[in-house]
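Please read the two chains below side by side, beginning with the place where they meet.

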Amino acid sequence: MLEWRRRREPSSLMLYASPLIAVLLTMLIGMIVFTAMGYAGFHAVRDIFLTPFLEPQRWPDLGVKAAPLVMIALGLAIGFRANVWNIGAEGQYIMGAIAGTGVALATYDMTGWWILPAMALAGILGGMAWAAIPAFLRVKLQVSEILTSLMLTYVAVQGLYYLVRGPWKDPDGFNFPQTRMFTPDQTLPAMAEGSLIHLGIPLALVIAVIAWLVMEKTTAGYAVKVVGLAPAAARHGGFSADTVTWATLLTGGGLAGLAGLFEAAGPFGQLTPQFPTGYGFTAIIVAFLGRLNPLGIVFGGIVLAATYVGGEIAQTTVKLPQAATGMFQALLLFMLLATDVLVRYRIGWKVRAV
Amino acid sequence: MTSAILVSILMTLVAASTPILLAALGELVVEKSGVLNLGVEGMMLTGAVAGFAVAYSSGSTTLGLVAALAAGVATAMIFAVLTLSLTANQVATGLALTIFGIGASSLIGAGFVGRTITRLGPVFPETLSGHPILRAVFGHDIVVYLSLALVLAVSLFLRRTRPGLILRAVGENDASAHAIGYPVIAIRYGAIAFGGALAGLGGAYFSLALTPMWADRLTAGRGWIALALVVFAAWRPGRLLLGAYLFGAVMTLELQAKAAGVTWLAPELLATAPYLATIAVLTMMSLGRKTGRLDAPACLGKPFSAS
């Protein structure tokens, strides 16, 4: 009989190997499930997980999808480390875009280098404000941030619908529910002429490095980890769990808000009802795939970006429905959680006492 | 005339409340056993799509309900294996379950978008429910009566029966329950399966009774509201019934306001009411509490390992 044996210390090999095993298992199970559903399973898996990396013309698209995922996941991971479960990043992302668009619409007739930074600042503050509500309720009243941050996402979505159908509707837009297109001064510049790569992509990398430095090299990062691992010890050591809750939620909200603004001022160029893209939820998977480590999250973001880009490829090559992308992402999260057991346990043969 | 309108409002309210009542009742039992399953929304969605797919293909809403029940249990078992057998984090696994439910229902439902079926009808014949007042009592479908019976049954089970006592003991102190020989893991498997069955049924109520058609993310966050409802009810089935109907009233607000010709408030803003009400209710519950926590089971959300 096989049995689980608890390791004396968590395996550092498995800590890094388990995400790889999870990805491989996802590919294998995905192949079986989609073949059983009548699709060309092998081709689907190849197109979703490999083709985006093998075709250089897909790389800019990978970057465009990965940047918001990485930015949002960084903020979430810092919170998860401290046992703060902000799962309303999607709402904070939308509020960031709404706040930034507010600045864009107010400065519509103006020109100047300062407009885009002002929009970015508004985006950060919008996301922070939305995250401040669960932070306040959790710190002051012990209300679960899980439920409040999630409920606020639904409120943000409705708020967006209201604005684009009502007060912010483009007056010259033939009654379509969308805002005006942003002007060049309100749009993220491309990093190279005619390329998709915008400022958000290098910035996401810079933020990841900063987050890594803060988490690994500063007292603040240490405080976050101690509060998460041993709340009692943290109190004893003089680290305030309330401060950590505020700091992690505001950081997460601010980063999600900035990601939202970058989407609005980048790929979208306006606000439309299609703006809630689900990045806030997919970023949860990115955070876990990156083992809540800022540098790991960069790789996690690229893998999940591949599922979007590859999902589109598989739609045309093997007629896999768009919804299959979501299934692959969910499978990956299950496999991550399942393989996590290998860090703490090893498989051994049960020895019968004779 | 007036009584007919009142009864009609009441019928809408009961219908809107029934899915969250079912899902919350299942989650209440799960949480009483010491497990926090945040995947209610995901289990509701797999139940909703399985119920619709089977009802559409077979033409039988009864078969649809059975399929939804089975789909809810099957989805819940993924959670059970990960958290109970592989000791994965319950919060993370619950989130994963919801992401899975959204993905799976959207994939399976892709072929059913826009299709319609015959709505789940009332149990009793028209002759019994002809009069408005009688309609309020006899005009509901089978799931409504089932949900009410289940509230009573769960309440009696938890308070008056020995298995119910054991289930609560496992939730309050798993180590002691294990020490005196109760199979903690097996009991929690059972509770999670029950929670999955009711969530699946609740989800199917959306696709078979409320809106007899398939649309992506049909449940619109009601699974999360069910989770909040358990907190509101302080883990008591009777209060759960009251809470569900209160939420049902808030949820029908949008419809009632539209019917009453309210135009000064945008429909999108009215649609935020259930979510804002949830936050308000959770806040009020916290304000009202005297001690450190509510009557939450002591082992809620903590992993258990026998070795």
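Between chain A and chain B, 4 residue pairs are in polar contact, both residues being at pLDDT 80 or more; a polar contact is a pair of N or O atoms within 3.5 Å, where within protein one must be able to donate a hydrogen and the other to accept it, and residues adjacent in sequence count only if both atoms are side-chain atoms. On the side of chain A that touches chain B, the elements giving two or more residues are α6 (115-141), α7 (145-165), α12, α14 (324-339) and α15 (341-344) of chain A, helices here being DSSP runs of H or I with at least four residues, numbered from the N terminus. Of these, α7(A) gives the most, with 12 residues. By class, this side has 32 nonpolar, 4 polar and 2 charged residues, where Ala, Val, Leu, Ile, Met, Phe, Trp, Tyr, Cys and Pro count as nonpolar, Asp, Glu, Lys and Arg as charged, and the others, Gly among them, as polar.

The model is a predicted one, in which local features need pLDDT of at least 70 and side-chain atom pairs count only at pLDDT 80 or more, while totals for chains, interfaces and linings use all residues. Residues are numbered from 1 along each chain as its sequence is written, chains are lettered from A and ligands numbered from 1 in the order in which they are written, and side-chain values use heavy atoms, with hydrogens and water left out.

The contact (heavy atoms within 4.5 Å) takes 38 residues from chain A and 42 residues from chain B. Together the two chains bury about 3500 Å², 82% of it on carbon and sulfur atoms; buried area is the accessible area, with a 1.4 Å probe, that two parts lose on being put together, summed over both. In chain A, the residues that lose the most area to chain B are Leu147(A), Met151(A) and Phe334(A), together 19% of what that side buries.

Across this interface the rule finds 1 salt bridge, which requires a side-chain nitrogen of Lys or Arg within 4 Å of a carboxyl oxygen of Asp or Glu. The side chains of Glu268(B) and Arg165(A) meet in a salt bridge at 2.7 Å, N to O. Over all chains the count comes to 8 salt bridges. One of them joins Arg138(A) to Glu145(A), with the closest N and O atoms 2.9 Å apart; Arg138(A) is partly exposed at 25% relative accessibility, whereas Glu145(A) is buried at 5%. Buried means under 20% relative accessible area, exposed over 50%, and partly exposed in between, with a 1.4 Å probe and protein chains only.

Which residues does Ala324(A) contact, once its neighbours within four places in sequence are left aside? This residue of helix α14 of chain A is in contact with Phe34(A) and, in the other chain, Leu107(B), and Ala324(A) is buried, with a relative accessible area of 1%.

Gln270(A) lies in the loop between α11 (241-268) and α12 (279-289) of chain A, and at 10% relative accessibility Gln270(A) counts as buried. The side chain of Gln270(A) reaches the backbone oxygen of Thr179(A) at 2.9 Å. Leaving aside neighbours within four places in sequence, the contacts of Gln270(A) include Arg180(A), Phe182(A) and Ala264(A).
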